[in-house]
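The stops below say what to select and what to look for.

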Amino acid sequence: MAATIDSKNKKAILEYVKNHIDESDVLVNAFLSDEAKKYLNDAKFMAKVVKIDKNAIKLVNLEVARELIKKDGALLKQANYDVRADEKIVFLAVSQNPQAIKDANSKFLANEEIALQSVRGSWKMLAVVDKKFRGRYDFAAEALSQSLDASEFISPTLIKNNKDIAIKLADKTDISLNSFSKGMKKNREVVDKYIEKDATNIRYAVGKIRFDEQLAEKAVILNKEVYKYLPKKMQVNAEVAKALVKQDGLLARKLKGNVANLNEVAEIAVAENGMALKYYKNSSVVKIESIVRIAVESNGAALKYANVKWKSDRDMVILAVSQNTRKQYDPKAKKPLSNHPLQYADKKLRKNADVMMASVMNEGLSLKFGNYKITKNKDIVLEAVKNNGEALQYASKSLKKNPEIVSKALSNSTNAIKYVSEKFLNNPKNGEALLKALNDNPELYNSFPKALQENPKAIMYAIEVNADAIKNLPLANSQDEEYMLQIAARNPEAFRQGLSIKLSVDEKFIKKSEKLIESVEREKEAAKKQEVDEANPQTKQKEELELKSTASKQIKSKESKIEAQTIEEQSEGQELIPYK
(Lines give C-alpha, C1' and ligand atoms only; values in the text may rest on other atoms or scores of the structure.)
Protein backbone atom coordinates (compact mmCIF):
# COMPACT_ATOMS: atom_id res chain seq x y z
CA MET A 1 0.00 0.00 0.00
CA ALA A 2 2.87 2.32 0.85
CA ALA A 3 4.28 1.77 -2.66
CA THR A 4 1.30 3.54 -4.15
CA ILE A 5 2.17 6.82 -2.35
CA ASP A 6 4.10 9.48 -4.18
CA SER A 7 6.57 10.18 -1.34
CA LYS A 8 7.75 13.39 -2.94
CA ASN A 9 4.25 14.80 -3.15
CA LYS A 10 3.10 16.32 0.16
CA LYS A 11 -0.49 16.55 -1.07
CA ALA A 12 -0.43 12.83 -1.85
CA ILE A 13 0.76 12.05 1.68
CA LEU A 14 -1.96 14.20 3.20
CA GLU A 15 -4.58 12.59 0.96
CA TYR A 16 -3.38 9.14 1.93
CA VAL A 17 -3.54 9.90 5.68
CA LYS A 18 -7.01 11.37 5.24
CA ASN A 19 -8.34 8.38 3.27
CA HIS A 20 -6.80 5.73 5.55
CA ILE A 21 -7.32 7.41 8.93
CA ASP A 22 -9.07 4.36 10.34
CA GLU A 23 -6.08 2.06 9.68
CA SER A 24 -3.75 1.59 12.64
CA ASP A 25 -0.56 1.71 10.53
CA VAL A 26 -1.56 4.63 8.37
CA LEU A 27 1.19 6.96 9.67
CA VAL A 28 3.89 4.30 9.45
CA ASN A 29 3.00 3.64 5.82
CA ALA A 30 2.67 7.33 5.01
CA PHE A 31 6.22 8.08 6.15
CA LEU A 32 7.80 4.75 5.24
CA SER A 33 10.13 6.03 2.57
CA ASP A 34 13.25 8.04 3.28
CA GLU A 35 11.86 10.78 1.07
CA ALA A 36 8.69 11.03 3.17
CA LYS A 37 10.61 10.89 6.47
CA LYS A 38 12.29 14.17 5.56
CA TYR A 39 8.94 15.89 5.91
CA LEU A 40 8.80 14.92 9.60
CA ASN A 41 11.14 17.84 10.22
CA ASP A 42 8.88 20.29 8.36
CA ALA A 43 6.80 21.91 11.15
CA LYS A 44 4.36 23.62 8.74
CA PHE A 45 3.67 20.39 6.87
CA MET A 46 3.34 18.33 10.06
CA ALA A 47 0.87 20.87 11.40
CA LYS A 48 -1.41 19.88 8.49
CA VAL A 49 -0.85 16.19 9.22
CA VAL A 50 -1.72 16.45 12.95
CA LYS A 51 -4.93 18.23 12.06
CA ILE A 52 -5.93 14.98 10.33
CA ASP A 53 -4.37 12.60 12.84
CA LYS A 54 -3.09 13.94 16.17
CA ASN A 55 -0.99 10.79 16.66
CA ALA A 56 1.44 12.19 14.10
CA ILE A 57 2.93 14.20 16.99
CA LYS A 58 4.63 10.98 18.09
CA LEU A 59 6.72 10.85 14.91
CA VAL A 60 8.34 14.27 15.15
CA ASN A 61 11.43 15.44 17.01
CA LEU A 62 11.39 17.75 20.03
CA GLU A 63 11.93 20.88 17.99
CA VAL A 64 8.95 20.24 15.69
CA ALA A 65 6.85 19.04 18.62
CA ARG A 66 7.57 22.33 20.38
CA GLU A 67 6.29 24.33 17.39
CA LEU A 68 3.17 22.21 17.06
CA ILE A 69 2.29 22.21 20.76
CA LYS A 70 2.85 25.97 21.00
CA LYS A 71 -0.24 26.30 18.76
CA ASP A 72 -2.24 23.44 20.23
CA GLY A 73 -1.47 22.42 23.80
CA ALA A 74 -3.94 19.52 23.62
CA LEU A 75 -1.43 17.66 21.36
CA LEU A 76 0.63 16.93 24.48
CA LYS A 77 -1.82 14.13 25.22
CA GLN A 78 -0.76 12.19 22.05
CA ALA A 79 2.93 13.10 22.34
CA ASN A 80 5.58 10.55 23.33
CA TYR A 81 7.25 10.37 26.75
CA ASP A 82 10.22 12.57 25.83
CA VAL A 83 7.94 15.39 24.71
CA ARG A 84 5.71 15.14 27.78
CA ALA A 85 8.82 15.17 29.98
CA ASP A 86 10.31 18.27 28.36
CA GLU A 87 9.83 21.24 30.71
CA LYS A 88 9.87 23.94 28.02
CA ILE A 89 7.37 22.07 25.86
CA VAL A 90 5.07 21.41 28.81
CA PHE A 91 5.17 25.12 29.74
CA LEU A 92 4.18 26.04 26.17
CA ALA A 93 1.41 23.44 26.26
CA VAL A 94 -0.20 24.72 29.48
CA SER A 95 0.20 28.32 28.29
CA GLN A 96 -1.92 27.42 25.26
CA ASN A 97 -4.18 24.97 27.06
CA PRO A 98 -4.13 24.88 30.90
CA GLN A 99 -5.71 21.41 30.86
CA ALA A 100 -2.54 20.06 29.22
CA ILE A 101 -0.88 19.78 32.65
CA LYS A 102 -2.96 16.66 33.18
CA ASP A 103 -1.18 15.00 30.24
CA ALA A 104 2.33 16.11 31.14
CA ASN A 105 4.75 14.06 33.20
CA SER A 106 3.33 13.99 36.75
CA LYS A 107 6.48 15.66 38.09
CA PHE A 108 5.31 18.94 36.58
CA LEU A 109 2.28 19.06 38.88
CA ALA A 110 4.77 20.14 41.54
CA ASN A 111 6.69 22.48 39.24
CA GLU A 112 5.99 25.99 40.52
CA GLU A 113 6.32 27.83 37.20
CA ILE A 114 4.26 25.34 35.16
CA ALA A 115 1.64 24.86 37.89
CA LEU A 116 1.14 28.63 38.28
CA GLN A 117 0.92 29.07 34.49
CA SER A 118 -1.76 26.38 34.40
CA VAL A 119 -3.77 28.12 37.17
CA ARG A 120 -3.43 31.42 35.34
CA GLY A 121 -5.21 29.77 32.43
CA SER A 122 -7.93 28.19 34.56
CA TRP A 123 -8.61 28.45 38.29
CA LYS A 124 -9.92 24.88 38.17
CA MET A 125 -6.34 23.66 37.71
CA LEU A 126 -5.76 24.56 41.37
CA ALA A 127 -7.56 21.30 42.09
CA VAL A 128 -5.12 19.43 39.78
CA VAL A 129 -1.69 20.82 40.67
CA ASP A 130 0.22 19.70 43.75
CA LYS A 131 -1.70 20.44 46.99
CA LYS A 132 1.26 22.36 48.41
CA PHE A 133 0.29 25.27 46.14
CA ARG A 134 -3.13 25.58 47.78
CA GLY A 135 -1.47 27.35 50.66
CA ARG A 136 0.38 29.82 48.44
CA TYR A 137 -1.03 33.34 48.19
CA ASP A 138 0.12 33.90 44.58
CA PHE A 139 -1.78 30.77 43.46
CA ALA A 140 -4.84 31.70 45.51
CA ALA A 141 -4.92 35.30 44.26
CA GLU A 142 -4.63 34.15 40.63
CA ALA A 143 -7.46 31.65 41.01
CA LEU A 144 -9.74 34.03 42.96
CA SER A 145 -9.29 36.74 40.35
CA GLN A 146 -11.09 34.38 37.97
CA SER A 147 -13.74 32.91 40.26
CA LEU A 148 -14.59 33.08 43.96
CA ASP A 149 -15.47 29.39 43.70
CA ALA A 150 -11.73 28.75 43.71
CA SER A 151 -11.87 29.22 47.48
CA GLU A 152 -12.91 25.55 47.63
CA PHE A 153 -9.35 24.56 46.70
CA ILE A 154 -7.47 27.13 48.79
CA SER A 155 -6.01 26.20 52.13
CA PRO A 156 -8.45 27.12 54.95
CA THR A 157 -5.50 28.44 56.94
CA LEU A 158 -4.55 30.82 54.15
CA ILE A 159 -8.14 32.00 53.77
CA LYS A 160 -8.60 32.64 57.46
CA ASN A 161 -5.43 34.64 57.91
CA ASN A 162 -4.91 36.62 54.72
CA LYS A 163 -6.43 40.11 54.54
CA ASP A 164 -6.45 40.42 50.76
CA ILE A 165 -8.14 37.04 50.33
CA ALA A 166 -10.67 37.87 53.02
CA ILE A 167 -11.58 41.12 51.22
CA LYS A 168 -11.86 39.38 47.85
CA LEU A 169 -14.15 36.73 49.30
CA ALA A 170 -16.53 39.36 50.69
CA ASP A 171 -18.47 39.09 47.43
CA LYS A 172 -19.04 35.38 47.95
CA THR A 173 -22.54 34.92 49.36
CA ASP A 174 -21.90 31.98 51.68
CA ILE A 175 -18.93 33.52 53.52
CA SER A 176 -19.30 35.75 56.57
CA LEU A 177 -16.80 37.54 58.78
CA ASN A 178 -17.09 34.58 61.13
CA SER A 179 -15.18 32.45 58.59
CA PHE A 180 -11.92 34.22 59.38
CA SER A 181 -9.34 34.27 62.15
CA LYS A 182 -9.38 36.69 65.08
CA GLY A 183 -6.69 38.65 63.33
CA MET A 184 -9.04 39.30 60.42
CA LYS A 185 -12.03 39.95 62.70
CA LYS A 186 -10.18 42.84 64.30
CA ASN A 187 -8.78 44.21 61.03
CA ARG A 188 -10.70 47.42 60.31
CA GLU A 189 -10.52 47.11 56.52
CA VAL A 190 -11.82 43.53 56.58
CA VAL A 191 -14.59 44.27 59.08
CA ASP A 192 -15.66 47.35 57.11
CA LYS A 193 -15.88 45.30 53.90
CA TYR A 194 -18.03 42.64 55.54
CA ILE A 195 -20.33 45.22 57.15
CA GLU A 196 -20.95 46.61 53.66
CA LYS A 197 -21.79 43.09 52.54
CA ASP A 198 -24.09 42.38 55.47
CA ALA A 199 -24.28 44.77 58.41
CA THR A 200 -25.01 41.90 60.82
CA ASN A 201 -21.37 40.80 60.35
CA ILE A 202 -20.48 43.39 62.97
CA ARG A 203 -21.44 40.85 65.62
CA TYR A 204 -18.35 38.80 64.68
CA ALA A 205 -15.90 41.68 65.11
CA VAL A 206 -13.46 41.30 68.01
CA GLY A 207 -11.19 43.51 70.05
CA LYS A 208 -11.17 47.29 69.89
CA ILE A 209 -12.88 47.28 66.51
CA ARG A 210 -16.14 46.41 68.28
CA PHE A 211 -16.06 49.90 69.78
CA ASP A 212 -15.35 51.75 66.55
CA GLU A 213 -18.05 54.46 66.44
CA GLN A 214 -17.92 54.94 62.68
CA LEU A 215 -18.30 51.24 61.94
CA ALA A 216 -21.13 50.86 64.45
CA GLU A 217 -22.93 53.88 62.99
CA LYS A 218 -22.43 52.59 59.45
CA ALA A 219 -23.81 49.17 60.37
CA VAL A 220 -26.92 50.67 61.99
CA ILE A 221 -27.56 52.87 58.95
CA LEU A 222 -27.32 49.84 56.67
CA ASN A 223 -29.50 47.68 58.90
CA LYS A 224 -31.30 48.97 61.98
CA GLU A 225 -31.58 45.41 63.32
CA VAL A 226 -27.85 45.24 64.07
CA TYR A 227 -28.29 47.57 67.05
CA LYS A 228 -29.00 44.54 69.22
CA TYR A 229 -25.62 43.02 68.28
CA LEU A 230 -23.62 46.04 69.42
CA PRO A 231 -21.82 46.02 72.78
CA LYS A 232 -23.55 48.07 75.49
CA LYS A 233 -20.98 50.79 75.23
CA MET A 234 -21.95 51.38 71.61
CA GLN A 235 -25.67 51.10 72.29
CA VAL A 236 -25.42 54.16 74.53
CA ASN A 237 -23.29 56.08 72.04
CA ALA A 238 -25.08 59.25 70.92
CA GLU A 239 -24.01 59.04 67.26
CA VAL A 240 -25.08 55.42 67.01
CA ALA A 241 -28.40 56.27 68.67
CA LYS A 242 -28.97 59.09 66.18
CA ALA A 243 -28.26 56.75 63.27
CA LEU A 244 -30.77 54.25 64.68
CA VAL A 245 -33.72 56.61 65.19
CA LYS A 246 -33.04 58.28 61.85
CA GLN A 247 -33.95 54.96 60.24
CA ASP A 248 -37.10 54.55 62.33
CA GLY A 249 -38.12 57.03 65.00
CA LEU A 250 -40.10 54.39 66.89
CA LEU A 251 -36.83 52.56 67.60
CA ALA A 252 -36.29 55.16 70.32
CA ARG A 253 -37.95 52.52 72.50
CA LYS A 254 -34.79 50.40 72.23
CA LEU A 255 -32.40 53.08 73.40
CA LYS A 256 -30.67 52.49 76.71
CA GLY A 257 -29.04 54.59 79.38
CA ASN A 258 -28.69 58.36 79.30
CA VAL A 259 -28.68 58.45 75.52
CA ALA A 260 -32.38 57.58 75.57
CA ASN A 261 -33.24 61.05 76.91
CA LEU A 262 -30.78 63.17 74.96
CA ASN A 263 -32.62 66.07 73.32
CA GLU A 264 -30.56 65.81 70.14
CA VAL A 265 -31.54 62.13 69.76
CA ALA A 266 -35.18 62.78 70.62
CA GLU A 267 -35.36 65.55 68.04
CA ILE A 268 -34.25 63.19 65.27
CA ALA A 269 -36.59 60.43 66.45
CA VAL A 270 -39.76 62.58 66.49
CA ALA A 271 -38.84 64.20 63.18
CA GLU A 272 -38.80 60.75 61.59
CA ASN A 273 -42.01 59.69 63.36
CA GLY A 274 -43.88 62.07 65.63
CA MET A 275 -45.38 59.18 67.58
CA ALA A 276 -41.90 58.42 68.95
CA LEU A 277 -42.72 61.14 71.49
CA LYS A 278 -44.52 58.48 73.53
CA TYR A 279 -41.16 56.98 74.49
CA TYR A 280 -40.25 60.26 76.16
CA LYS A 281 -43.48 60.85 78.10
CA ASN A 282 -41.71 60.29 81.41
CA SER A 283 -38.83 62.61 80.63
CA SER A 284 -38.37 66.35 80.29
CA VAL A 285 -38.34 65.99 76.51
CA VAL A 286 -42.14 66.33 76.32
CA LYS A 287 -41.90 69.74 77.95
CA ILE A 288 -39.56 71.19 75.33
CA GLU A 289 -41.52 73.29 72.84
CA SER A 290 -39.19 72.82 69.87
CA ILE A 291 -39.26 69.01 70.18
CA VAL A 292 -43.03 68.84 70.70
CA ARG A 293 -43.51 71.14 67.71
CA ILE A 294 -41.37 68.86 65.52
CA ALA A 295 -43.34 65.85 66.75
CA VAL A 296 -46.81 67.26 65.98
CA GLU A 297 -45.62 68.57 62.64
CA SER A 298 -44.69 64.98 61.84
CA ASN A 299 -47.89 63.52 63.29
CA GLY A 300 -50.60 65.59 64.97
CA ALA A 301 -51.61 62.63 67.16
CA ALA A 302 -48.26 63.01 68.94
CA LEU A 303 -50.04 65.72 70.93
CA LYS A 304 -51.30 62.82 73.03
CA TYR A 305 -47.81 62.43 74.59
CA ALA A 306 -46.97 66.13 74.96
CA ASN A 307 -46.85 67.83 78.32
CA VAL A 308 -50.25 69.16 79.47
CA LYS A 309 -48.96 72.68 78.89
CA TRP A 310 -48.82 72.12 75.15
CA LYS A 311 -52.19 70.39 75.04
CA SER A 312 -53.62 73.70 76.27
CA ASP A 313 -51.58 75.84 73.90
CA ARG A 314 -53.75 77.22 71.09
CA ASP A 315 -50.95 77.52 68.54
CA MET A 316 -49.59 74.04 69.27
CA VAL A 317 -53.05 72.48 68.91
CA ILE A 318 -53.70 74.35 65.66
CA LEU A 319 -50.37 73.03 64.37
CA ALA A 320 -51.36 69.48 65.37
CA VAL A 321 -54.80 69.52 63.70
CA SER A 322 -53.46 71.23 60.58
CA GLN A 323 -50.64 68.81 59.75
CA ASN A 324 -52.46 65.54 59.51
CA THR A 325 -54.54 63.64 57.09
CA ARG A 326 -56.56 60.73 58.42
CA LYS A 327 -54.08 58.18 57.06
CA GLN A 328 -51.23 59.89 58.87
CA TYR A 329 -52.61 60.03 62.35
CA ASP A 330 -54.05 56.54 62.31
CA PRO A 331 -53.44 54.53 59.12
CA LYS A 332 -54.94 51.31 60.57
CA ALA A 333 -57.97 52.85 62.25
CA LYS A 334 -61.39 51.51 61.28
CA LYS A 335 -63.12 54.53 62.79
CA PRO A 336 -62.48 57.80 60.91
CA LEU A 337 -61.69 59.88 63.99
CA SER A 338 -59.67 57.32 65.91
CA ASN A 339 -56.57 58.99 67.38
CA HIS A 340 -57.52 62.44 66.06
CA PRO A 341 -55.40 65.18 67.72
CA LEU A 342 -58.45 67.05 69.07
CA GLN A 343 -59.16 64.16 71.42
CA TYR A 344 -55.97 65.01 73.32
CA ALA A 345 -56.27 68.80 73.30
CA ASP A 346 -57.71 70.68 76.26
CA LYS A 347 -61.53 70.60 75.95
CA LYS A 348 -61.64 74.37 76.22
CA LEU A 349 -59.93 74.61 72.86
CA ARG A 350 -62.75 72.68 71.23
CA LYS A 351 -64.79 75.83 71.72
CA ASN A 352 -62.18 77.97 70.02
CA ALA A 353 -63.28 78.99 66.53
CA ASP A 354 -59.71 79.25 65.16
CA VAL A 355 -58.79 75.77 66.40
CA MET A 356 -61.99 74.21 65.06
CA MET A 357 -61.70 75.97 61.72
CA ALA A 358 -58.14 74.66 61.26
CA SER A 359 -59.31 71.20 62.22
CA VAL A 360 -62.37 70.90 59.95
CA MET A 361 -60.46 72.28 56.97
CA ASN A 362 -58.17 69.28 57.34
CA GLU A 363 -60.71 66.69 58.53
CA GLY A 364 -64.35 67.69 58.16
CA LEU A 365 -65.61 64.95 60.49
CA SER A 366 -63.68 66.51 63.39
CA LEU A 367 -66.69 68.85 63.67
CA LYS A 368 -67.87 66.10 66.00
CA PHE A 369 -65.54 67.44 68.71
CA GLY A 370 -66.90 70.96 68.56
CA ASN A 371 -69.37 72.21 71.20
CA TYR A 372 -72.88 73.35 70.30
CA LYS A 373 -71.72 76.88 69.46
CA ILE A 374 -69.23 75.53 66.97
CA THR A 375 -71.85 73.35 65.29
CA LYS A 376 -73.99 76.49 64.86
CA ASN A 377 -71.15 78.45 63.29
CA LYS A 378 -72.03 78.57 59.60
CA ASP A 379 -68.48 79.33 58.38
CA ILE A 380 -66.99 76.41 60.29
CA VAL A 381 -69.75 73.98 59.29
CA LEU A 382 -69.45 75.06 55.64
CA GLU A 383 -65.70 74.34 55.67
CA ALA A 384 -66.38 71.00 57.34
CA VAL A 385 -68.85 69.81 54.66
CA LYS A 386 -66.55 71.13 51.92
CA ASN A 387 -63.90 68.78 53.26
CA ASN A 388 -66.28 65.88 53.93
CA GLY A 389 -69.97 66.01 53.11
CA GLU A 390 -70.80 63.54 55.87
CA ALA A 391 -69.76 66.16 58.43
CA LEU A 392 -73.35 67.39 57.96
CA GLN A 393 -74.39 64.86 60.60
CA TYR A 394 -72.62 66.95 63.29
CA ALA A 395 -74.08 70.29 62.20
CA SER A 396 -76.78 71.96 64.32
CA LYS A 397 -80.43 71.32 63.41
CA SER A 398 -80.77 74.79 61.98
CA LEU A 399 -77.75 74.40 59.68
CA LYS A 400 -78.96 71.00 58.49
CA LYS A 401 -81.81 72.98 56.94
CA ASN A 402 -79.56 75.60 55.39
CA PRO A 403 -79.71 75.21 51.57
CA GLU A 404 -76.09 76.34 51.06
CA ILE A 405 -74.74 73.95 53.69
CA VAL A 406 -76.83 71.00 52.47
CA SER A 407 -75.98 71.67 48.81
CA LYS A 408 -72.25 71.76 49.54
CA ALA A 409 -72.45 68.59 51.66
CA LEU A 410 -74.33 66.68 48.95
CA SER A 411 -71.93 67.95 46.28
CA ASN A 412 -69.06 66.29 48.12
CA SER A 413 -70.73 63.11 49.36
CA THR A 414 -73.68 61.05 48.14
CA ASN A 415 -73.89 59.49 51.62
CA ALA A 416 -74.57 62.90 53.13
CA ILE A 417 -78.18 62.59 51.94
CA LYS A 418 -78.74 60.30 54.95
CA TYR A 419 -78.53 63.39 57.13
CA VAL A 420 -80.97 65.48 55.07
CA SER A 421 -84.61 65.37 56.16
CA GLU A 422 -87.44 64.28 53.84
CA LYS A 423 -89.09 67.58 54.55
CA PHE A 424 -86.08 69.46 53.22
CA LEU A 425 -85.86 67.28 50.11
CA ASN A 426 -89.54 67.72 49.30
CA ASN A 427 -89.63 71.45 49.90
CA PRO A 428 -89.80 73.21 46.49
CA LYS A 429 -87.90 76.16 47.96
CA ASN A 430 -84.82 73.95 48.24
CA GLY A 431 -85.00 72.79 44.62
CA GLU A 432 -82.25 75.10 43.33
CA ALA A 433 -79.86 74.07 46.11
CA LEU A 434 -80.49 70.41 45.40
CA LEU A 435 -80.12 70.86 41.66
CA LYS A 436 -76.82 72.63 42.22
CA ALA A 437 -75.62 69.66 44.27
CA LEU A 438 -76.85 67.28 41.59
CA ASN A 439 -74.92 69.19 38.96
CA ASP A 440 -71.74 68.61 41.02
CA ASN A 441 -72.66 65.07 42.00
CA PRO A 442 -74.99 63.34 39.47
CA GLU A 443 -75.01 60.14 41.54
CA LEU A 444 -77.46 61.83 43.93
CA TYR A 445 -80.29 61.49 41.41
CA ASN A 446 -81.66 58.12 42.56
CA SER A 447 -81.81 59.37 46.15
CA PHE A 448 -83.99 62.34 45.27
CA PRO A 449 -87.80 62.33 45.67
CA LYS A 450 -89.87 61.46 42.56
CA ALA A 451 -90.99 65.04 41.97
CA LEU A 452 -87.38 66.16 41.75
CA GLN A 453 -86.41 63.19 39.57
CA GLU A 454 -88.93 64.41 36.97
CA ASN A 455 -87.46 67.88 36.95
CA PRO A 456 -85.95 68.52 33.47
CA LYS A 457 -82.84 70.15 35.00
CA ALA A 458 -82.35 67.21 37.35
CA ILE A 459 -82.58 64.82 34.42
CA MET A 460 -80.15 66.94 32.42
CA TYR A 461 -77.56 66.72 35.22
CA ALA A 462 -78.21 63.06 36.03
CA ILE A 463 -77.71 61.66 32.54
CA GLU A 464 -74.01 62.45 32.84
CA VAL A 465 -73.72 59.18 34.76
CA ASN A 466 -77.21 57.68 34.44
CA ALA A 467 -78.75 57.42 30.97
CA ASP A 468 -81.86 55.78 32.44
CA ALA A 469 -82.87 59.11 34.01
CA ILE A 470 -84.35 60.04 30.62
CA LYS A 471 -87.21 57.65 31.37
CA ASN A 472 -88.58 60.15 33.90
CA LEU A 473 -88.68 63.05 31.43
CA PRO A 474 -92.15 64.61 31.10
CA LEU A 475 -93.66 64.36 27.61
CA ALA A 476 -93.81 68.12 27.20
CA ASN A 477 -90.05 68.40 27.56
CA SER A 478 -89.47 65.51 25.20
CA GLN A 479 -90.99 67.62 22.42
CA ASP A 480 -88.63 70.50 23.15
CA GLU A 481 -86.01 70.26 20.40
CA GLU A 482 -83.57 72.67 22.06
CA TYR A 483 -83.72 70.71 25.33
CA MET A 484 -83.33 67.37 23.57
CA LEU A 485 -80.33 68.60 21.64
CA GLN A 486 -78.70 69.44 24.99
CA ILE A 487 -79.48 65.89 26.11
CA ALA A 488 -77.88 64.55 22.93
CA ALA A 489 -74.78 66.65 23.54
CA ARG A 490 -74.42 65.46 27.15
CA ASN A 491 -75.19 61.78 26.66
CA PRO A 492 -76.00 60.35 23.20
CA GLU A 493 -77.09 57.05 24.79
CA ALA A 494 -79.71 58.85 26.92
CA PHE A 495 -80.99 60.63 23.82
CA ARG A 496 -81.33 57.36 21.90
CA GLN A 497 -83.19 55.81 24.84
CA GLY A 498 -85.53 58.78 24.81
CA LEU A 499 -86.26 58.30 21.11
CA SER A 500 -87.06 54.62 21.63
CA ILE A 501 -89.35 55.24 24.60
CA LYS A 502 -91.76 58.08 23.91
CA LEU A 503 -90.27 60.90 21.90
CA SER A 504 -92.30 61.97 18.88
CA VAL A 505 -90.27 64.22 16.63
CA ASP A 506 -89.91 64.71 12.91
CA GLU A 507 -87.23 63.26 10.65
CA LYS A 508 -85.41 66.57 10.22
CA PHE A 509 -84.89 66.84 13.97
CA ILE A 510 -83.63 63.26 14.19
CA LYS A 511 -81.10 63.94 11.41
CA LYS A 512 -80.03 67.15 13.11
CA SER A 513 -79.55 65.37 16.43
CA GLU A 514 -77.61 62.55 14.80
CA LYS A 515 -75.17 65.08 13.34
CA LEU A 516 -74.79 66.63 16.77
CA ILE A 517 -74.16 63.22 18.31
CA GLU A 518 -71.51 62.49 15.68
CA SER A 519 -69.87 65.79 16.52
CA VAL A 520 -69.94 65.01 20.26
CA GLU A 521 -68.45 61.58 19.71
CA ARG A 522 -65.72 63.05 17.49
CA GLU A 523 -64.85 65.49 20.25
CA LYS A 524 -64.65 62.63 22.75
CA GLU A 525 -62.35 60.69 20.41
CA ALA A 526 -60.21 63.79 19.95
CA ALA A 527 -60.02 64.22 23.73
CA LYS A 528 -58.94 60.59 24.12
CA LYS A 529 -56.32 61.00 21.40
CA GLN A 530 -55.02 64.12 23.12
CA GLU A 531 -54.63 62.17 26.38
CA VAL A 532 -52.69 59.47 24.53
CA ASP A 533 -50.50 62.12 22.83
CA GLU A 534 -49.78 63.79 26.17
CA ALA A 535 -48.86 60.42 27.65
CA ASN A 536 -46.65 59.64 24.62
CA PRO A 537 -45.02 62.93 23.53
CA GLN A 538 -42.79 61.15 20.98
CA THR A 539 -45.86 59.93 19.04
CA LYS A 540 -47.29 63.44 19.06
CA GLN A 541 -44.00 64.93 17.81
CA LYS A 542 -43.89 62.35 15.02
CA GLU A 543 -47.44 63.21 13.93
CA GLU A 544 -46.66 66.93 14.04
CA LEU A 545 -43.59 66.42 11.85
CA GLU A 546 -45.66 64.39 9.38
CA LEU A 547 -48.33 67.12 9.30
CA LYS A 548 -45.67 69.81 8.75
CA SER A 549 -44.12 67.74 5.97
CA THR A 550 -47.49 67.22 4.29
CA ALA A 551 -48.36 70.90 4.68
CA SER A 552 -45.00 71.92 3.26
CA LYS A 553 -45.52 69.70 0.21
CA GLN A 554 -49.00 71.10 -0.30
CA ILE A 555 -47.72 74.70 -0.07
CA LYS A 556 -44.92 74.00 -2.55
CA SER A 557 -47.37 72.32 -4.93
CA LYS A 558 -49.75 75.26 -4.63
CA GLU A 559 -46.93 77.76 -5.19
CA SER A 560 -45.83 75.86 -8.31
CA LYS A 561 -49.36 75.92 -9.70
CA ILE A 562 -49.71 79.64 -8.96
CA GLU A 563 -46.37 80.35 -10.60
CA ALA A 564 -47.31 78.34 -13.70
CA GLN A 565 -50.67 80.04 -13.84
CA THR A 566 -49.05 83.50 -13.52
CA ILE A 567 -46.65 82.80 -16.35
CA GLU A 568 -49.48 81.58 -18.51
CA GLU A 569 -51.56 84.67 -17.74
CA GLN A 570 -48.63 86.96 -18.45
CA SER A 571 -48.01 85.31 -21.81
CA GLU A 572 -51.67 85.57 -22.71
CA GLY A 573 -51.76 89.25 -21.72
CA GLN A 574 -48.83 90.28 -23.95
CA GLU A 575 -49.66 92.15 -27.23
CA LEU A 576 -48.21 90.74 -30.45
CA ILE A 577 -45.97 93.24 -32.29
CA PRO A 578 -46.47 92.99 -36.09
CA TYR A 579 -43.42 92.27 -38.28
CA LYS A 580 -42.28 95.25 -40.16
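**Stop 1: a loop glutamine**

Select Gln78: leaving aside neighbours within four places in sequence, Gln78 is in contact (heavy atoms within 4.5 Å) with Lys54, Asn55, Ile57 and Lys58. Gln78 sits in the loop between helix H5 (62–71) and helix H6 (81–84); helices here are DSSP runs of H or I of at least four residues, strands are runs of E of at least two, and both are numbered from the N terminus. With a relative accessible area of 19%, Gln78 is buried; buried means under 20% relative accessible area, exposed over 50%, and partly exposed in between, with a 1.4 Å probe and protein chains only.

The model is predicted, so local features need pLDDT of at least 70 and side-chain atom pairs count only at pLDDT 80 or more, while totals for chains, interfaces and linings use all residues. Residues are numbered from 1 along each chain as its sequence is written, and side-chain values use heavy atoms, with hydrogens and water left out.

**Stop 2: the whole chain**

Zoom out. The protein has 34 helices and zero strands. Of its 580 residues, 43% count as buried.

**Stop 3: Lys124 and helix H9**

Select Lys124, in the loop between H8 and H9. Lys124 is partly exposed, at a relative accessible area of 49%.

Next, select helix H9 (residues 137–146), whose buried residues are Phe139, Ala140, Ala141, Ala143 and Leu144. What covers these buried residues? Helix H8 (112–121), helix H10 (156–161) and helix H11 (163–168) are included in the cover.

**Stop 4: H14 against H16**

Show helix H14 (residues 213–222) and helix H16 (residues 238–247): their axes come within 9 Å and cross at roughly 10°. The axes are lines fitted to C-alpha atoms over the stretch in contact, and angles run from 0 to 180 degrees between N-to-C directions. H14 is therefore roughly parallel to H16, a term for angles under 35 degrees.

To see the contact, select Glu213, Ala216, Glu217, Val220 and Ile221 of H14, then Glu239, Val240, Ala243, Leu244 and Gln247 of H16. These residues divide into six nonpolar, one polar and three charged. Nonpolar covers Ala, Val, Leu, Ile, Met, Phe, Trp, Tyr, Cys and Pro, charged covers Asp, Glu, Lys and Arg, and polar covers the others, Gly among them.

**Stop 5: a buried serine**

Finish at Ser359 in helix H22 (residues 353–362). Ser359 counts as buried because its relative accessibility is 0%. Beyond neighbours within four places in sequence, Ser359 is in contact with Val321, His340, Leu342 and Ser366.

Key: Parallel < 35°, antiparallel > 145°, perpendicular 65-115°, else oblique.
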